[in-house]
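Dear colleague,

Please find below the structure that I am handing over to you. My notes on what was found in it follow directly after.

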Amino acid sequence: MNLAFVESPVQLLNVLEWVHTQGGDDPAATTVVVLPPVDPMSRGQLRRMAELARDEGIAVRWQEARGESGAPLKALRALAGLVRRAEHIVIGDPFSRYVQLLLTLVRADRLTVVDDGTATMEFVAQLARGERLTRWHRRGRTGPRELVLAPVTATARRRFTPTADHTVEVFTAMPVEAPPGIAVTPNTFAWTRARFGPPAVGKDADLVGTSLVETGVVDPTPYQEAVTALARTHGATRYFAHRRESADKLRALEAATGLEIVRPDLPLELIARRGPIGRTIVSFPSTVVHTLPLALAGTGVRVAVCDIAPEWLRATASPRAQGFLSGVTETARGVQRLSSVATWS
């Protein structure tokens with residue numbers, strides 16, 4: 001039995017892509033456990049993705065593990081037997097402390113990590129460098145919680161290291177160089193292209209939002225100014241909001257730019273593939289500059305990426321932020337690279 005753990009809509013989409021790539025002969029052999037976050041947008045998209053997974057014959061289990069007091073331990077007890085019986089574990093977020101806790105119960109000798117967007121690039125790079133697993137936008141300080149969970153994280157990291165009796169696979173659309181012994185399987189979005197589209201393509205441009213403000217990386221004022229300049233320059237009419245963007249920020253963007261704010265009910269790869277979609281899609285450095293060219297292959301849609309200027313970064317942003325974001329842009333294939341707005345607005 002394949003047992004997958006996902007915490008975001010994109011992770012669940014990539015589990016579907018992985019099942020399809022494996023041959024899809026027996027989707028019922030895979031059970032997906034959804035560990036939903038608390039924010040309503042993510043939960044809504046996850047429910048829609050769960051419907052698509054069930055339509056493919058995949059079993060989906062919705063397991064609350066956050067929010068109310070005692071939920072994490074209750075979920076751990078509920079899932080323990082399932083985890084121990086699994087023959088193949090598939091996870092979407094190797095940085096998740098809760099998933100790392102579940103990995104301490106794993107007996108399976110096969111482990112697959114599917115894409116959680118650009119975080120996969122950092123995960124593989126940290127494995128190669130032998131570093132502690134830390135999300136790129138964190139400043140790296142070790143607090144009491146990290147110290148308590150250090151043994152859990154160390155055990156999880158061993159699970160991500162292949163041995164003679166334990167295989168590790170990374171299923172990804174991202175450009176990665178995995179350490180020796182880790183198999184890398186390309187994610188070409190074959191399932192998405194087979195199930196949706198081709199889309200109707202309009203004459204205007206669409207902008208793709210990012211949660212860099214919400215994660216404390218970018219200041220809100222230069223971000224709004226950049227969106228305004230991009231909309232004006234490229235003739236954009238719609239702004240596809242990231243599921244974690246705040247309502248206040250989106251209202252301010254709508255008032256400043258006149259853009260139609262779209263809150264997608266599915267990951268953008270599926271929204272774009274279903275259409276209608278603009279002739280040009282403009283994004284800041286993010287997962288979609290790697291995935292949309294694959295999902296929209298053969299449609300004539302152009303994907304452009306705008307760099308993040310160093311002066312947009314908050315003083316409290318991680319020292320790794322600029323380098324990581326530049327790397328996301330520089331390694332994207334099949335996109336047009338734009339100079340940061342600060343250099344030409």
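Helix α1 (residues 9-21) and helix α2 (residues 40-55) pack with their axes 9 Å apart, at an angle of about 15°. Axes here are lines fitted to C-alpha atoms, for helices over the stretch in contact, and angles run from 0 to 180 degrees between N-to-C directions. The helices α1 and α2 are therefore roughly parallel to each other (under 35 degrees counts as roughly parallel, over 145 as roughly antiparallel, 65 to 115 as roughly perpendicular and the rest as oblique). The crossing of α1 and α2 is left-handed, a term for a near helix turned anticlockwise from the far one by less than a right angle, with right-handed used if it is turned clockwise.

Please note that this is a predicted model, in which local features need pLDDT of at least 70 and side-chain atom pairs count only at pLDDT 80 or more, while totals for chains, interfaces and linings use all residues. Residues are numbered from 1 along each chain as its sequence is written, and side-chain values use heavy atoms, with hydrogens and water left out. Helices (H or I, at least four residues) and strands (E, at least two) are DSSP runs, numbered from the N terminus.

On the α1 side, Pro 9, Leu 12, Leu 13 and Leu 16 meet residues of α2, among them Leu 46, Met 49 and Ala 50 (contact means heavy atoms within 4.5 Å). This contact of α1 with α2 comprises 9 nonpolar, 2 polar and no charged residues; Ala, Val, Leu, Ile, Met, Phe, Trp, Tyr, Cys and Pro count as nonpolar, Asp, Glu, Lys and Arg as charged, and the others, Gly among them, as polar.

Tyr 223, Gln 224, Val 227 and Thr 228 of α8 meet α9 residues including Lys 249 and Leu 253. By class, the contact of α8 with α9 has 5 nonpolar, 3 polar and 1 charged residues.

Turning to the pockets, the second largest pocket is lined by 14 residues, with Met 121, Glu 122, Ala 125, Arg 129 and Pro 175 nearest its centre. The largest share of this lining, 6 residues, comes from α5. In the lining of the second largest pocket, 8 residues are nonpolar, 3 polar and 3 charged.

Finally, some backbone features deserve mention. The peptide bond from Gly 197 to Pro 198 is cis, with omega near 5°, and Pro 198 lies in the loop between α7 (190-195) and β8 (205-208). Gly 275 and Pro 276 are also joined by a cis peptide bond, with omega about -5°; Pro 276 is in the loop between α10 (268-274) and β11 (280-283).

With kind regards

Note on methods: 1 Å grid on protein atoms, 1.4 Å probe; cavity = no way out; pocket = protein on both sides within 12 Å on 5 of 7 lines; lining within 4 Å.
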